[in-house]
Amino acid sequence: MTLEIFKVLQSYETRNYHEMSPRKKPENNRPPGKILVRIRVNGETHEIATEINKTLLEVLREDMNLTGTKHGCELGECGTCAVLVNGKPVLSCLMLGIEAVNTEVTTVEGMTRNGKPHPLQNAFADLGAAQCGYCIPGILLTAKALLDENPHPSRDEIRQALSGNLCRCTGYTKILQAVELAAREG
Ligand code: FES
Ligand code: FES
């Protein structure tokens with residue numbers, strides 16, 4: 001688990017997760033109203049109407065149709081929903097969408113460079129590192145944050161960076177090799 005993801009988890013614990021929970025029912029049983037927010041995603045500013053209790057994961061998938069970000073446990077345990085916020089991996093199931101205002105969000109749809117796949121995406125395709133593919137968007141983004149900070153990580157550093165991203169197909173060896181290949185060729 002990356003330090004950043006751990007910090008996000010920790011901050012939610014100390015802020016009383018139950019009270020913050022997007023799933024907490026409003027006391028009057030009325031759905032919360034929508035508000036207009038501006039969020040920068042993948043280099044573009046989007047103005048969207050959304051509910052204040054939606055997670056960033058829900059805002060991306062339901063309000064912005066960016067379904068590359070996957071939901072898994074929605075409890076902060078699997079890493080499937082990871083996106084980058086200001087370049088750092090964040091679990092979008094634990095962050096409210098409105099907390100992303102004034103930040104720069106990157107999803108897997110924003111990984112291409114000038115219309116070309118990111119070196120990580122090429123490496124994963126070349127090595128067949130994706131099996132069902134469900135965990136891969138979160139892994140690609142977490143690996144991107146690692147390579148942006150440390151262009152030539154060791155196997156242990158890659159393993160550590162990806163330790164919060166669970167692959168249900170358990171193909172970890174090829175995932176590690178793909179990150180190493182991208183680091184060599186990136
Ligand atoms: S869906 Fe967010 S950590 Fe599992
Ligand atoms: S490739 Fe299937 S969950 Fe990771």
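Let's start at a turn: in the hairpin of strand 3 and strand 4, 2 residues lie between the strands, and N86 takes a positive phi near 50°. Helices (H or I, at least four residues) and strands (E, at least two) are DSSP runs, numbered from the N terminus, and two strands pair if DSSP finds at least two bridges between them. A word on the model itself: it is predicted, local features need pLDDT of at least 70, side-chain atom pairs count only at pLDDT 80 or more, and totals for chains, interfaces and linings use all residues. Residues are numbered from 1 along each chain as its sequence is written, while chains are lettered from A and ligands numbered from 1 in the order in which they are written.

Buried here stands for 20 or more other C-beta atoms within 10 Å of a residue's own, with C-beta atoms placed from the backbone.

Now step back to the whole chain, which has 7 helices and 5 strands. Their order along the sequence is α-α-β-β-α-β-β-β-α-α-α-α. Of its 186 residues, 39% are buried.

What do the buried side chains build? The largest nonpolar core has 44 residues, and F124, L140, A143 and V179 touch the most other members. Such a core is a set of buried Ala, Val, Leu, Ile, Met, Phe, Trp, Tyr and Cys residues joined through C-beta atoms within 7 Å. Among the elements that each supply at least two residues are strand 1 (34-41), strand 3 (82-85) and helix 7 (172-185), but the largest share, 7 residues, comes from helix 5. Domain 1 (3-26 + 33-107) and domain 2 (119-185) both contribute, so the core lies between them; these bounds come from an automatic or database domain assignment.

Leaving aside neighbours within four places in sequence, A143 is in contact (C-beta atoms, placed from the backbone, within 7 Å) with L120, A161, L162 and V179.

L120 leads us to helix 4, whose buried residues are L120, Q121, A123 and F124. Seen down the helix axis, they fall within an arc of 165°, so they line one face of helix 4; the arc is that of the directions from the axis to the C-beta atoms. Helix 5 and helix 7 are among what covers these residues. After helix 4 comes G128, with a positive phi near 60°.

Note on methods
A residue is buried if 20 or more other C-beta atoms lie within 10 Å of its own, exposed if 12 or fewer, and partly exposed in between; C-beta atoms are placed from the backbone. Two residues are in contact if their C-beta atoms, placed from the backbone, lie within 7 Å.
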